[in-house]
Amino acid sequence: MKIEPAPTEAFFYSPYFTAWAAFAVALSVFASFLVYDLNYQRETLLQREGERLTTQARVIHDHASHQLDALNRALLSLRNQATVWMDSPAGLAQATRQMTLLVDSISSIRTMQIMDPEGKIVAITRPEFLGRNRSNEEFFKIAQAGANPDTLYVSPPFRTLAGVWALNLVRVIPGVDGKPAGFVAATLDPIEFGFMLDSVRFSEDSWARMVHGNGRVFLQRPGKNDDTSQPIAPAKPDRLTDQHNASGQLQFLLSGSLVPDGPTVLIAQHTVRPLALNMDQPLTIGVARGLKEIMAPWHEIALWRGLMFLLLGAVSVAALLTLQRQQRQRNQLRLASEEELRRSEAIHSKMVSNIGDVIVIIDKDGINRYKSTNIEKWFGWKPEEVVGVSAFELVHPEDLDHTQNFFAALMSKQSATGTTQCRYRCKDGSYHWIEISIVNLLHDPDILGMLGNYHDITDRKQADEALRISENQFREIFDEAPIGYHEFNSDGRLTRINRTELTFLGYSAEEMLGHYVWEIIEGSEICRKSVLNKLAGITTPPTNFERNYLKKDGTFIPLLIKDKILRDNAGNITGIRSAAMDITERKAAEAELKKHQHHLEKLVNTRTAELAEAKEAAEAANLAKSTFLSNMSHEIRTPLNGIIGMTHILRRGGVTPVQAERLAKIDTAADHLLSIINDILDLSKIEAGKVVLEDAPVSINGLMTNVKSIMSERAQAKGLHLRVETDYYHYELRGDQVRLQQALLNYVGNAIKFTETGSVTIRAIAKEDGLDFVVMRFEVTDTGIGIAPDALLRLFTPFEQAENSTTRQYGGTGLGLTITRRLAELMGGEAGAESTPGVGSLFWFTVRLGRSDSAAVPVPSVFSEAETIISKNHQGKRILIVDDEPLNLEVAKFLLEDIGLAVDTAEDGEQALIKARGTYYAAILMDMQMPTLDGVKATQQIRELPAHRNTPILAMTANAFVEDRKRCMEAGMNDFIAKPFNPDGLYTILLKWLEPSPICHSLN
């Protein structure tokens, strides 16, 4: 049917004109929004890229400043001694050695030299250039013209004879008459600074450079595609360098082209000019990326949105024309228009879902009203699962406050825009970092909400974290071992050697690496056979041995060597690491002692005869004491282990309340007996000088929290209030946290024992704050019975208490206070007490703790989870228990089988060796004292079996002395479980070796 067109005059008054006008307005609004959003995304993209480039420039700036500071200190050290060295050939030789050490120790230095006032090289680390006159070279003229001893002169870039671009840093040697007495110079190593530039390049289209103050380019990555791999140094600064210098800012971000008609780039520049160095010329760091490459993602988005806009406009025009032309078929036209609209919405939805970001609409109450379908692609949620839910429900708790504040600030301003970052929970429970870009359109009747997008930036965050780790590793490169060490591979060739060893041998790393180790050892042929036998596994390296090493000057130096076999995951020998200690002075002392020995023999023999009898008596008494304590400890701990173990077994088997109460009393009595044994052993070790204090991070807050947690149950049982007071939060300290906790527990235990009502308070106070130490005072106050003044004098005496009668109300050995005082004295402090009878007491001690550069991070505990983890992850693993005591064997076997482990037993070391030859065990629990073959010898023989070279062997013994632990470790055992042990302690140590995770090993 043909439709007649409506008269023109009537058209302007018809509903169709209104429809066309509304369509034009809607299309304009939509186009405006697209343009606005594209412009906003463009600005956001440029801002984000600018922040990235600025961060990278700042990273290079910090690294370069660190290197320049180290280099400047080296030049100052050299300059301060140069006037003395320049007076004689021997002094110049010493200067050359000193400069060689500095070049070896500072990776950014390529060459160092000393020149006289006329520019002649009198000392240099490159002997081939000695005597060369450099007075005509530009860097020398600059330093000679300035002649200021306080200035660090930075030469323009120049090309060396080897075709490498380099920079010279020069310091003036001041003369007596005010004129230069000479010059010291260092040539920067472009390779080191090239590594800095390469470390921040995150894409192939980015580049980084380092520019001299006069505009010449020193380094650029990537460089030219020629043999020099360097840019040509221009005669004058390029446009971007000029703009940066004119800005007067240390850090400046700008865009433009380096040369006329060149491509536009976005570049972050950072001036390297530390004030302390007083540099005559700065260095400028530049990190850039082409604007075309930066905007490529935006151009793609703009293209898609343009196509979407054109498609939507075309479809809408077609639909409206069809509606107007088919006036007589209104119903059919309406259905067709609705179908067309649905198709348009589907296309729009698909286009939105293909955009990289998640489109969101959030209403004024913070409720999600719309989420684009691609939220499932990025975060796993379907739109219907999150629509109608609070926009903040999936935000990480730690990011919730700042995210809510961000939305609240935008809601208060019409059309306000903003960007923030937070962690967003995915459906699988993990968190992704997102960047939220929002515009406030609450006033827009079509939106009525906050319109924005979520952009996943997890990869970028991970890259930033990787960069931080790389920086930390870069700093650790400069750490040096306190003694020399070297490594050689399975062929006997040196693969690594530290600077300490290079120093006392006189070689450079290049002269050593790749050579056979026996080439520098006296008796090289014998040494070669010995090394090859060790590498072949024929012989085992001795614990310590001496060798004479050949120095570069032709002399020999005696070294004390300790070898360690290096193996791969399969157990194959890959090489040997050797620790080396210079024993020249010891050897000289021995020679001197031997020289005069015959003169002293008569005097020594006379005195020896007099002292022999006294010495024998003293040694016999000391041996008797040690033997007695060791035997008593072993004899008491062995049955005590059975008591504690059987108590635990009975509890696990299910008991009545009455039986449980009686078992608890047995357990309490056993713990009390064990604490008495431990106190006696601790006091014995302290008096014998065998206590070695640990130097580790100390957390004062963590220490106080642990003590309160341990003693809370005992305090609550008596109705006492246990408080902790400390004002010490702002420093990290170093010391022995375990011994500090032991001392505090002694005080708190006594306070609870002698207090019937009231409270016990624990305090930590900083009494003295030094540059590298802090004196801490720990106090424990109570509201107990108090102590008479005459009794205070004997409180800290071993086996003494305030009331010593046999019928006294309170028990105890009287060792706790003595141990606390001795520990305080070992840690540079003292201990004491104040008391008023009937009112209460105050016990205190002080310690001297060192300052630390790193935070004392509390170690996470898996103590209570060990049993569960073993039951879940290690079911059926076979364990061998070796013990000659049947009761202890039965207890340990039950405890391990009860959590799903398969257990074999052996009653002595000989049986254990037989079983180990025929069975692979996940771990072996080994007693020390056994008939036929003891635990130490059995361990040594088991270690010789190929299948058990790396099997965890854990000492499980009542021999609790330090020397016992040492014997176990030297025999090849991995850990030590002292009897009696509680089941949780056994499970925890066993888990550490069944599942060697970082958390488990942190408990060691």
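**Walking through a predicted chain**

At 10% relative accessibility, Glu779 counts as buried. Here buried means under 20% relative accessible area, exposed means over 50%, and partly exposed lies in between, with a 1.4 Å probe and protein chains only. The model is predicted: local features need pLDDT of at least 70, side-chain atom pairs count only at pLDDT 80 or more, and totals for chains, interfaces and linings use all residues. Residues are numbered from 1 along each chain as its sequence is written, and side-chain values use heavy atoms, with hydrogens and water left out.

Stay with Glu779. Its side chain meets that of Arg763 in a salt bridge, at 3.6 Å from N to O. The term stands for a side-chain nitrogen of Lys or Arg within 4 Å of a carboxyl oxygen of Asp or Glu. Glu779 sits in strand S27 (residues 773-782) and Arg763 in strand S26 (residues 759-769), so the bridge ties together parts 16 residues apart in sequence. Helices (H or I, at least four residues) and strands (E, at least two) are DSSP runs, numbered from the N terminus. Arg763 is partly exposed, at 23% relative accessibility.

Now the chain as a whole. It has 1004 residues, and buried residues make up 43% of them. It holds 30 helices and 34 strands. Contact means heavy atoms within 4.5 Å. Of the contacts in the chain with a separation of 6 or more, 59% join residues 24 or more positions apart. The chain exposes about 52500 Å², and carbon and sulfur atoms supply 55% of that area. Accessible areas come from the Shrake-Rupley method with a 1.4 Å probe; for residues, only the protein chains shown count as cover.

Next, the interior. A nonpolar core is a set of buried Ala, Val, Leu, Ile, Met, Phe, Trp, Tyr and Cys residues joined through side-chain atoms within 4.5 Å. The largest such core has 53 residues. Those with the most contacts inside it are Ile60, Leu75, Ile109, Met112, Ile114, Leu169 and Met210. Helix H2 (residues 15-85) gives the most to this core, with 15 residues. Another core lies apart from it, with 39 residues, among them Ala751, Leu795, Phe796 and Met827.

Helix H23 spans residues 816-826. Its buried residues are Gly816, Leu817, Thr818, Ile819, Thr820, Leu823 and Ala824. Gly828 follows H23 and has a positive phi, near 80°.

Back to the charged pairs. The chain has 36 salt bridges. One of them joins the side chains of Asp189 and Arg110, at 3.7 Å from N to O. This pair links distant parts of the chain, 79 residues apart. Asp189 is in the loop between strand S7 (180-188) and helix H5 (190-199), while Arg110 is in strand S1 (residues 109-115). Asp189 counts as buried at 14% relative accessibility. Arg110 is partly exposed, with a relative accessible area of 28%.

A local pair sits in helix H16 (residues 524-535). The side chains of Arg528 and Glu525 meet in a salt bridge at 2.8 Å, N to O. The two are three residues apart, about one turn of the helix. Arg528 is partly exposed at 27% relative accessible area, and Glu525 is partly exposed at 41%. Elsewhere, Glu546, Arg586, Lys587 and Glu590 are linked in a network of salt bridges.

What of the cysteines? A disulfide is a covalent bond between the sulfur atoms of two cysteines. The rule used here asks for a pair of cysteine sulfur atoms within 2.5 Å. By this rule the count is zero. Cys527 is buried, with a relative accessible area of 6%. Cys968 is buried too, at 0% relative accessibility.

Strand S10 (residues 251-257) includes Ser257. Ser257 counts as buried at 13% relative accessibility. Not counting residues up to four places away in sequence, Ser257 touches Arg239, Leu240, Gly262 and Pro263.

Last, the surface. Leu303, Leu307 and Leu310 form a nonpolar patch there, with about 310 Å² of accessible area together. Patches are made of residues with over 30% relative accessible area and no salt bridge; like charges are joined within 9 Å, and nonpolar side chains (Val, Leu, Ile, Met, Phe, Trp, Tyr) within 5 Å. Leu307 is found in helix H8 (residues 296-325). Leu307 is partly exposed, with a relative accessible area of 46%.
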